[in-house]
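Please read them alongside the coordinates.

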Amino acid sequence: MVIAHSLPEDEIAALCVQAYGLHGELERLPGENLNYLLSTAPGERYILKLAGDELPADVIQLEYMMIEHLVSAGIGLSLPRILPNRDGHIETRVDLADGMKLRARLLEFVDGAPWCQAGESGPDLLRDFGRRLAEIDRTLSSLDHPAAHRSHRWDLTAANTHREKVALIEDPERRRLVERAFHVYAACALPHLPELPHSIIHSDANDENVMVEGGRVVGLLDFADSLYNPTICELAVALAYAMLERTEPLETGAQILAGYHEVRPLSPTELQVLFPLISGRLCTTVAVAAERRTIDPDHPNWYVTESRAWDLLERLAILHPVQAADMLSAHIDLKPEQGSGSDIPGLLRDRKAYIGPSLSIAYREPLKMVRGLGQYLFDSEGEPYLDLVNNVCHVGHCHPHVVAAGQGQMARLNTNTRYLYDELTAYAARLAGTLPDPLDVCFFVNSGSEANELALRLAETYTGRSDWLVVDNAYHGNTSRLVALSPYKFMGPGGKGQPEPWVHVVPMPDGYRGIYRGQDRQVGEAYGDAVGEVIATVEAPIAGFLAESLAGVGGQIIPPPGYFRRAFEHIRAAGGVCIIDEVQVGFGRAGTHFWAFEQQGVVPDIVVMGKPIGNGHPMAAVVTTRPIAEAFASGMEFFSTFGGNPVSCAIGMAVLDVIEQEDLQRHALELGSHFLDGLRALKVRHERIGDVRGTGLFLGLELVRDRVTLEPAAPEASELVERMKARGVLLSTDGPLHNVIKIKPPMVLDRQDVDMVLRMLDDELRILPA
Ligand code: PMP
C-alpha cells in the first residue's frame, strides 16, 4: 500500500488513457484502499482500483466470474463489473520506477447510496434486501470456481479460530458474554454445517456494500470476501450487520429472513443454525478487534463495527437459541423445533410420583435435556452444554455410525446367544484382540454391576474361596454383593459403616493425601505392600482382589507406578485372582494405552468393562483366561437374556470402529496432556487448587483451602461446578471429601473446548468465594 501512494495522479490518468482509452477527472475515494473515482462525462463514472500483489489473480478472476454470472442471469442489480482493458485483460499491470508492481482494475460505477448513509430501514426495504440476497444466492448456486474454495479471516465456518482471542478482552463480563456466544456457535452451528447446501456466496453484504435508492436495494459492492461456504452463511453475515443498532434487532432480522425465504426457502437446519452463525460473526468482529488492539489501538478503520457488535451481543445474550430462531422466523411458516413434553416443575412432580426417591438429580436447578450431539447436550431451550462428565457416550453423544449400526441391526435381527450369529463371535474376537494374552474368553452382560458380579463368581468358582480385598473408596456396582464390596457405598450415607466379615479394605493408592504422603520410599510399591499387609491379617484364604485401574468415585486417583505389580504379587502369592474394573476408564480414555491397567505393566486375570463399551447402549463384558472360564463351566449354565445380543454386538463393534477410525486414543493422549498442562498452569495461579492429576481424558482437580493441611474445599468445588454449569459446561464433584472436580468427557472433545474451559475456570477461580 505504501508504495502506491507514490504513484502520482498524472500517471494514473495516463494509465486510464493507455489501458482503457478513458479521459476524465480522478478523485481519490476515502478509505484504506487505493480507489479512485474516474468521471469521463456527466453520468459516466468508473472506479479505478489499485492494489499491490497481495490479491491473488485467481481471486480477481473469481470476482469477475461471479459478477458476470449474476449479470448474465439478469439479476437486475447494479454490480461492480470489471471492464477489460484494451488488451482484453481484467487487470492491468503497472511497473513502478522502484521495481514494485501495481495492479489496476476498472469497475463499473454502482448506482445508489450505501445503505448506512441512506437512512432507510422500513420493513419493505428489509424484505427487498432479503429477496435480493436470496436471488444472488440462488443464481450463484450454479457457479463454481477453484479460487472460491478458500478460507480467510472472515470465513464464518472458521470463526472458531478466533476463539483464543477472547483472552485478550479485558472486561470479564464481556469475556463471559463472548465466550458464551462462541460456545453457542461451536455447539449449535458448526456440527451441522457440512450437511447444509453449499455454494459461492458474496459473504459481506454489510450496510456499506449494499446500495439502496428509493426504498429498494439497487446494487451490491465488494466481492473480495467471496468464497464457497454453506449458503446460509450469506444470510447470517447480512443479518449480523443489519441487526446492528436496531431498536428491535430480531424483528429486523425476521423481515430480511422473510424476504429471503420467499425466494430461497430455508431448510429447518438452516433456520436452526442461523442465530448461532450470527453469534459467530459478532464474536469474530469483537475477537479480531481485541487482537488488533494489541497491534495498533488507534488504527482508523479497524474498529468501525466493534462497539456496535458488542452492543448487539449484549442484547442477544439474554436469548436462548430456540427462542432466537423462533423470533427470526416470526414472519414465515417454518418454525424451529421446540422442546416438547413437560416443563421442569412438571417433570419433578412426576418423578416424585413415579420414580424411587433414592435417586439424586444433578445441579441446584435441574436441567431438562432433549438432545445430544458429539461432546454437547442440549436442553429444552436449545442451550448447549459442553459435557465434561459423560464417559459413557465415549465416542460422542448419538454418534451417527453407532446409531446407524444399532438401528440397522435392530431392523435385521435381534435374538439371544443360544443361537449362532456372526455378530457375537466377530465382536468377541475383536474385543479380545484389544487385550493382552491370555485374556481371550468373553462373557457379555448388560451393566457394569452385572459384569462385576459375574467376575466375582468366576473367581470364586475358580478358587473355591469367597473372601475379597477391595480398595478404599471404590465403587463397583449396585447389587447387594457389590455394595458390600464398595467402600464408597457401605461407608457412605445410608451404608452400614463397616465392611462385611468377608470384605477386606486396602488403602487407596492416593499419592496426594494417602497414608504414604510425603514419604521418600517408592509409594507405588508401598501401597502394593499394604495389600500384602492386609492379606496377612485375613484368616480365610482370599478369592481375590477387585480394583479399578484408575479410581473414579474415589477422586480421579492415578495409582503410583509399581502399585499393581506389587499388589498382584501379593494376591497371587495368596492364591487369589486379580480382577481389574475398567468400567469407567477403558477403551482408550487413559490415552497411553487402550486399557488403563496396561500403564502399570500388569496383566489381570479378569477384566471388567462397561459404560463406554456401547456408547450408552446398556451392555458390559467380562474377559478372562481360558482356565478361569473353563472352571466356571461346572455344570450350571450361565445365560443372560440380553447379554451379547446381535444389536449390542453391532453397537459394540461400531464403537470400536469409531475409536479406531477417529484415532480417539491418540486424541485422548494429546488433548489430555494439553488439558493437564492448562490445569497445572491454573494451579500456579490459584491457591485453591491443591492437586491436578490425570491421564488422557480422565482428569481431576482437587480443591483445598490450605495446601499444607489439605483442608478440603468441598463447598467451593460445588460452587465452581454450579458456576461452570451456568456458563454451559457440565462438571461434577466426587472423591471421599467431595472436593475433586472430575473431568471425563466424551473423547471427541476438541482443543477449542478445552481452551474455553481453561479460560472459564481461570475466571471463575479468581472470583470464587472463600
Ligand atoms: N464399576 C465402576 C468403576 C463404576 O464406576 C460403575 C458405575 N458407576 C460400575 C462398576 C457399575 O456399573 P453400572 O452402573 O453399569 O452397573
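How many bridges join strand E20 to E21, and in which sense do the two run? The answer is in point 2, after the basis of the model.

1. Basis. This is a predicted model, in which local features need pLDDT of at least 70 and side-chain atom pairs count only at pLDDT 80 or more, while totals for chains, interfaces and linings use all residues. Residues are numbered from 1 along each chain as its sequence is written, and side-chain values use heavy atoms, with hydrogens and water left out.

2. Strand E21 and its partners. Four bridges join strand E20 (residues 606–609) to E21, and the two run antiparallel. Helices (H or I, at least four residues) and strands (E, at least two) are DSSP runs, numbered from the N terminus; two strands pair if DSSP finds at least two bridges between them. Ile-606 has Thr-624 as its bridge partner in E21. Strand E15 (residues 441–445) also pairs with E21 in the antiparallel sense, over five bridges, and there Val-445 is partnered by Ala-620.

3. Burial of E21. Five of the five residues of E21 (residues 620–624) are buried, so the strand is largely enclosed by the rest of the structure. Buried means under 20% relative accessible area, exposed over 50%, and partly exposed in between (1.4 Å probe, protein chains only). Ala-620, Val-622 and Thr-624 point one way, Ala-621 and Val-623 the other. In a regular strand the side chains alternate between the two faces of the sheet.

4. Nonpolar cores. A nonpolar core is a set of buried Ala, Val, Leu, Ile, Met, Phe, Trp, Tyr and Cys residues joined through side-chain atoms within 4.5 Å. The largest has 180 residues, and those with the most contacts inside it are Leu-235, Leu-277, Phe-545, Met-609, Phe-675 and Leu-679. Helix H9 (residues 268–295) supplies the largest share of this core, eleven residues. A second, separate core of 27 residues includes Leu-458, Val-470, Val-583 and Ala-620.

5. Second largest pocket. Its volume is about 1,700 Å³, that is, the space filled by probe spheres set on grid points joined across faces, edges and corners. On a 1 Å grid over the protein atoms alone, a pocket is an open set of points where a 1.4 Å probe fits, with protein on both sides within 12 Å along at least five of seven lines; lining residues have an atom within 4 Å of a point. The lining of this pocket has 50 residues, with Ser-360, Tyr-488, Val-553, Thr-733 and Asp-734 nearest the centre. Elements giving two or more residues are helix H16 (480–484), helix H17 (487–490), helix H23 (714–726) and strand E25 (732–734); H17 gives the most, four.

6. Open sheet. Four strands form an open sheet in the order E12-E13-E14-E24, with mixed pairing. The edge strands, each pairing on one side only, are E12 (369–373) and E24 (729–730). E12 and E13 (residues 376–379) run antiparallel and are joined by four bridges, with Leu-373 opposite Tyr-376.

7. Two partly exposed residues. Arg-565, in helix H19 (residues 563–573), counts as partly exposed at 45% relative accessibility. Glu-213, in strand E9 (residues 210–213), counts as partly exposed at 46%. Glu-213 and Trp-115 are 98 residues apart in sequence and 8.6 Å apart in space, C-alpha to C-alpha.
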